[in-house]
Amino acid sequence: MKVPFLDLKATYVELKEEIDNAIKEVLNSGWYIIGENVNKFEKEFAEYCNVKYCISVGNGLDALELILKAYNIGVGDEVIVPTNTYIATVLAVNNVGATPVFVEPDIRTYNIDPLKIESAITKKTKAVIAVHLYGQTADIENIKPICERYKIKLIEDAAQAHGAEHYGKKAGSLGDAAGFSFYPGKNLGAFGDGGAVTTNDKDVADYIRVARNYGSEKKYYNSVKGVNSRLDEIQAAILRVKLKYLDEWNSRRNKIAQFYLENLNPEKKENFVTPICLKENKHIWHIFVIRTTMREKLIKHLNENSVGWLIHYPIPPYNQVAYKEMNYLKNRFDLTNKMCDEILSLPIGPHLSLKEAEYVCETVNNFLKTNC
């Protein structure tokens with residue numbers, strides 16, 4: 001059996017008629033940028049996240065960058081970010097001229113550890129970006145009071161958390177503002193790039209709505225130095241269709257994750273660790289990440305048995321070639337370095353069958369029997 005890491009074609013096939021009709025309507029309308037579908041999607045996604053405002057943009061990186069600009073965060077400022085995150089979180093900070101300050105994760109969830117945030121705050125700190133990694137929200141209950149005490153902004157990087165919840169509140173409504181990505185592989189994915197900002201802050205919403213469109217509220221009249229970061233009508237139409245199925249597809253992911261948790265590593269080998277979901281969270285299982293000290297051997301075994309895999313992420317941002325000026329930080333983050341050597345993502349998605357999940361478990365468990 002061949003099990004792909006994620007079957008993106010299947011997401012189209014299931015909704016083919018609805019998606020095709022939505023695209024045809026856009027093509028027949030003759031209006032392709034910031035039109036009816038964008039406006040309706042923004043309203044529908046804001047309602048889904050239980051916030052006042054949603055402003056769509058070109059991608060998740062732009063979403064974070066525009067939030068920082070909306071709060072006048074830039075040169076001379078510091079923004080706290082997790083060590084264990086996709087590079088976009090850090091790029092957003094650098095792209096506005098601010099300095100990223102890294103904080104290690106909670107080993108239970110791989111999200112930023114609230115207990116380590118306060119010691120990283122200085123007079124220059126203007127915000128914390130809490131990444132909801134792998135589909136589980138960061139510990140906002142304990143991060144938010146720190147931000148309030150020091151009067152700094154709490155920004156959510158919700159690129160992997162469409163529909164995730166923390167104490168019953170949706171990701172995207174937990175901080176001052178949140179950035180989403182609609183990259184095709186996300187739980188709510190477009191058929192190209194896309195992103196959005198959600199917030200209850202009218203000033204932020206008003207700024208981003210203008211800034212995303214060259215800084216223009218009225219055509220050819222520019223009130224701020226903006227960018228070109230707009231979700232197009234076709235992607236908005238696709239997202240409107242897929243949003244209706246998001247909770248159902250997240251539920252399917254949850255069933256696969258629970259099957260994995262119940263059937264992987266039945267003998268409880270110590271060098272194979274499965275993820276956990278904290279009781280206060282609703283995990284939407286964007287990625288199912290295990291840890292093992294035998295990763296390279298397991299990868300070889302998965303390849304031999306045609307089981308897909310990825311690593312999220314093999315190199316932390318501070319150790320990337322692009323950030324060679326930060327490479328010296330490697331020796332400061334032992335936990336993150338250890339995680340990057342051990343984490344491995346197994347196949348999961350709304351179209352992964354139970355038979356495929358069984359095969360993944362069988363393949364991994366056979367490896368554990370002969371290698372532990």
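Because the model is predicted, local features were considered at pLDDT of at least 70 and side-chain atom pairs at pLDDT 80 or more, whereas totals for chains, interfaces and linings use all residues. Residues are numbered from 1 along each chain as its sequence is written, and side-chain values rest on heavy atoms, with hydrogens and water left out.

Helices (DSSP runs of H or I, at least four residues) and strands (runs of E, at least two) are numbered from the N terminus. Strand β8 (residues 177-181) is largely enclosed by the rest of the structure, because five of its five residues are buried; buried here denotes under 20% relative accessible area, exposed over 50%, and partly exposed the range in between (1.4 Å probe, protein chains only). Both faces of β8 are covered, with Ala177, Gly179 and Ser181 on one side and Ala178 and Phe180 on the other. Strands are taken to pair if DSSP finds at least two bridges between them. By this criterion β8 pairs with strand β5 (residues 153-157) in the parallel sense over three bridges, and with strand β9 (residues 195-199) in the antiparallel sense over five bridges. Ala177 of β8 stands opposite Ile155 and also opposite Thr199 in β9.

Burial also marks helix α11 (residues 334-342), in which Thr336, Asn337, Met339, Cys340 and Glu342 are buried. These buried residues pack against β14 (288-292), α10 (295-304) and β15 (343-346), contact being defined as heavy atoms within 4.5 Å. In helix α8 (residues 233-243) lies Gln235, which counts as buried because its relative accessibility is 10%. Leaving aside residues up to four places away in sequence, Gln235 touches Ala190, Phe191, Gly192 and Asp193. A polar atom of the Gln235 side chain lies 2.9 Å from the backbone nitrogen of Phe191.

Across the whole structure, a search finds 20 salt bridges, each defined as a side-chain nitrogen of Lys or Arg within 4 Å of a carboxyl oxygen of Asp or Glu. One of them joins Lys16 to Asp20, with the closest N and O atoms 2.8 Å apart; both residues lie in helix α2, four residues apart, or about one turn of the helix. An α-helix has 3.6 residues a turn, so residues three or four places apart point the same way. Lys16 is partly exposed, because its relative accessible area is 41%. Arg212 and Glu42 form another salt bridge, with the closest N and O atoms 2.8 Å apart. This pair links distant parts of the chain, since Arg212 lies in the loop between α7 (202-211) and β10 (216-218) and Glu42 in helix α3, 170 residues apart. Arg212 and Glu42 are both buried. The side chains of Lys170 and Glu165 likewise meet in a salt bridge, at 3.4 Å from N to O, and both of these residues are buried.

On the surface, Leu27, Tyr32 and Ile33 form a nonpolar patch with about 270 Å² of accessible area together. Patches comprise residues with over 30% relative accessible area and no salt bridge, like charges being joined within 9 Å and nonpolar side chains (Val, Leu, Ile, Met, Phe, Trp, Tyr) within 5 Å; accessible areas come from the Shrake-Rupley method with a 1.4 Å probe, and for residues only the protein chains shown count as cover. Tyr32 lies in the loop between α2 (16-29) and α3 (36-49) and counts as partly exposed, because its relative accessibility is 40%.

Definitions and conventions:
Polar contact = N/O pair within 3.5 Å; in protein donor to acceptor, adjacent residues only side chain to side chain.
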